[in-house]
Amino acid sequence: MDKLVMPPDYRHDTVLPLPAEVRATAWAVDAACSGNPGQMEYQAIDLQTGARVFHVGPMFGTNNIGEFLAIVHALALMEQKGIRDHAVYSDSYNAILWVNKKKCKTTLERSERTARVYDIIQRAENWLHTHDVQVPVLKWETKQWGEIPADFGRK
């Protein structure tokens, strides 16, 4: 049987093959959307174990909304569980910016169809305004590191 050989710049202290510069004590988040807007879902993966931490959806929304909600969900869950030594990775520059500004800057039309996602957005924005985020939110560099481990694999 052939032995699996990992590139020298990958970590060996995690279940997932991670580049050396990626923090293993982190959760990776990502969203997927069938159509945009369309049926959207998001999830988080623990980079140390490879386990899914949470999955939400599907619901009608956009990919950027899902990316934003995934980050906020991860931050809130980490706070609830007392996790302070981790980071959150996202491959979405827009979502990270929205989280930093504490505002989901979506242009998704408000309607009966989008009421659920707008309710969740409002709760996420409220959470950001009422909590002091201590966990770093870091950009996953897809061009350098490949797809984020939370990717849904539907490209």
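Trainee: Which residue is the bridge partner of Gln39 in E3?

Mentor: The bridge partner of Gln39 in E3 is Phe60. Before we go on, note that this is a predicted model, in which local features need pLDDT of at least 70 and side-chain atom pairs count only at pLDDT 80 or more, while totals for chains, interfaces and linings use all residues. Residues are numbered from 1 along each chain as its sequence is written, and side-chain values use heavy atoms, with hydrogens and water left out.

Trainee: How many bridges join E2 to E3?

Mentor: Helices (H or I, at least four residues) and strands (E, at least two) are DSSP runs, numbered from the N terminus, and two strands pair if DSSP finds at least two bridges between them. Here seven bridges join E2 to E3, and these strands run antiparallel. They form a hairpin with five residues between them, and Gly50 in the turn has a positive phi of about 80°.

Trainee: At what angle do H1 and H2 pack?

Mentor: Two packed helices are described by the angle between their axes and the distance between the axes. The axes are lines fitted to C-alpha atoms, for helices over the stretch in contact, and angles run from 0 to 180 degrees between N-to-C directions. H1 and H2 pack at an angle of about 55°, with their axes 8 Å apart. That makes H1 oblique to H2, since angles under 35 degrees count as roughly parallel, over 145 as roughly antiparallel, 65 to 115 as roughly perpendicular and the rest as oblique.

Trainee: How do H1 and H3 cross?

Mentor: The axes of H1 and H3 come within 10 Å and cross at roughly 50°, and H1 and H3 are therefore oblique to each other.

Trainee: Why does Ala124 count as buried?

Mentor: Buried means under 20% relative accessible area, exposed over 50%, and partly exposed in between (1.4 Å probe, protein chains only). Ala124, which is found in helix H3, counts as buried because its relative accessibility is 8%. Other buried residues of H3 include Val117, Tyr118 and Trp127, and what covers the buried residues of H3 includes strand E2 (38–46), strand E3 (52–61), helix H1 (63–81) and helix H2 (93–101).

Trainee: Which residues does Ala124 touch, not counting residues up to four places away in sequence?

Mentor: Contact means heavy atoms within 4.5 Å, and on that basis, not counting residues up to four places away in sequence, Ala124 touches Phe68, Leu69 and Val72.
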